[in-house]
Structures are given as C-alpha cells and as structure tokens.
Amino acid sequence: MNILISLLMLFVFTQPSTDKKATVSTTADAVTEVVIEGNDQMRFNLTEIKVKAGSTVKLTLKHVGKLPKQAMGHNWVLLNADVVVKDFAMSAMSARDNDYIPKDSKDVIVHTDLVGGGESTTIEFEAPAKGEYTFICSFPGHYGLMKGTFIVE
Ligand code: CU
C-alpha cells in the first residue's frame, strides 16, 4: 500500500507541467494548491483550472513581471456562473478605490488582492458547486486577455 502511494506521488510530482493547465497538487488534508502567474504582457499562464467539488482551494497569484501595480496590477477574480463578464469588468473599472472589486458585488465568489510586479498573494476558499466558472483579472482593460475557466468537477 505504502509503495503504491509512493509510486503515485512520484508519478504526480514528476509529471512535466503542461502549460495552460493548472499544476495541481492535493495534500493529505484535501487542499488543492494552485499557482497562477500573471506577467507584464497582461497574461495569465493558465487558461483552465480544475478542482474537485468539496475541496479547499489554496490559490497563489504570482506577478512575475516588473511593472508596478498602478500600471500593470493583477488580481484573480472568480465570478459566479451567470455573470456577464463584460458587464462585470465595466463595473470593476469604476471601483478603483477598492482595487477594482465592486463593493458588495454578488458577482464575485472570491478574489485575491491586487498585486504588482514581483509580488504574490494567496487565498483559500471552498470550491463552489460543480460547474464551470470564469476567472479574470479585473484591472481595467485586462479581462480580454486575462481570463480563463475554473472547473469544479
Ligand atoms: Cu491584470
């Protein structure tokens, strides 16, 4: 049994990280760790993140660029399934004093802080119900390129 687990772990950790897919590792206490990067070219390195229903997600957003957050800030915002992304992005634009998260928004499931080049931020949350959700960066003008699908299965 232990050998099997060791082999499994070896298999998991020696897999080359396929680009565009989440590098997900599940620890013993069922926490799914996700690391997503944003860069100075206004891109996330992942366009899809898959997690299991009922899991706790520990997500780290790393800004791997150099530009300050006033010019190239990034956040990671998970939106409810029925949200029209364009409409949300418009309202986020006017929420500059709240790091581009509209206050009391029912559209947001969870979000990270806004970070600039070289910074990172981590949040932990329970995976929402099974389904497909959209994640974006809500910094003005970024959502067109910085978005992806968050799948709970
Ligand atoms: Cu951004």
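## Sheet pairing around β9 and β10

Strands β9 and β10 pair in the antiparallel sense over 6 bridges; strands count as paired if DSSP finds at least two bridges between them. Helices (H or I, at least four residues) and strands (E, at least two) are DSSP runs, numbered from the N terminus. Y133 stands opposite F150 of β10. Strand β9 covers residues 131–136, and β10 covers 147–152.

β9 also pairs with β6, residues 77–79. That pairing is antiparallel and has 3 bridges. Here V77 has I136 of β9 as its bridge partner.

## Model and conventions

This is a predicted model, in which local features need pLDDT of at least 70, side-chain atom pairs count only at pLDDT 80 or more, and totals for chains, interfaces and linings use all residues. Residues are numbered from 1 along each chain as its sequence is written, and side-chain values use heavy atoms, with hydrogens and water left out.

## Overall architecture

The chain has 3 helices and 10 strands. From the N terminus the order is α-β-β-β-β-β-α-β-α-β-β-β-β. The chain has 153 residues, and 39% of them count as buried. Buried means under 20% relative accessible area, exposed means over 50%, and partly exposed lies in between (1.4 Å probe, protein chains only).

Contacts are heavy atoms within 4.5 Å. Among contacts with a separation of 6 or more, 71% join residues 24 or more positions apart. K50 lies in strand β4 and is partly exposed, at 40% relative accessible area.

The accessible surface of the chain is about 8,900 Å². Carbon and sulfur atoms account for 54% of that surface. The areas come from the Shrake-Rupley method with a 1.4 Å probe; for residues, only the protein chains shown count as cover.

## Nonpolar cores

The largest nonpolar core holds 25 residues. Its members with the most contacts inside it are I36, I49, L59, W76, F125 and F150. The elements that give two or more residues to this core are β3 (31–38), β4 (46–51), β5 (56–63), β8 (120–126), β9 and β10. A second, separate core has 9 residues, including V77, V83, I101 and I136.

A core in this sense is a set of buried Ala, Val, Leu, Ile, Met, Phe, Trp, Tyr and Cys residues joined through side-chain atoms within 4.5 Å.

β5 pairs with two strands named here. With β3 the pairing is parallel, over 8 bridges. T32 has V57 of β5 as its bridge partner. With β8 the pairing is antiparallel, over 7 bridges. β5 is largely enclosed by the rest of the structure, because 6 of its 8 residues are buried.

T60 lies in β5. At 15% relative accessibility, T60 is buried. Its bridge partner in β8 is T122. The two side chains also make a polar contact, at 2.8 Å. A polar contact is a pair of N or O atoms within 3.5 Å; within protein, one must be able to donate a hydrogen and the other to accept it, and residues adjacent in sequence count only if both atoms are side-chain atoms. Leaving out residues up to four places away in sequence, T60 touches V34, V35, I36, S120, T121 and T122.

## Copper site

The copper ion has three named protein donors: H74 (ND1), C137 (SG) and H142 (ND1). They lie 2.1 Å from the ion. Donors are N, O and S atoms within 2.8 Å of the metal (3.2 Å for Na, K and Ca); water is not among the atoms, so sites may look incomplete. The donor residues are spaced H-x62-C-x4-H in sequence.

C137 is buried, at 0% relative accessible area. H142 is buried as well, at 2%.

Most residues other than glycine have a negative phi. D99 has a positive phi, near 55°. D104 is not a glycine either, and its phi is about 55°. D99 sits in the loop between α3 (85–93) and β7 (108–111). D104 lies in the loop between α3 and β7. D99 is partly exposed, at 32% relative accessible area, whereas D104 is exposed, at 77%.
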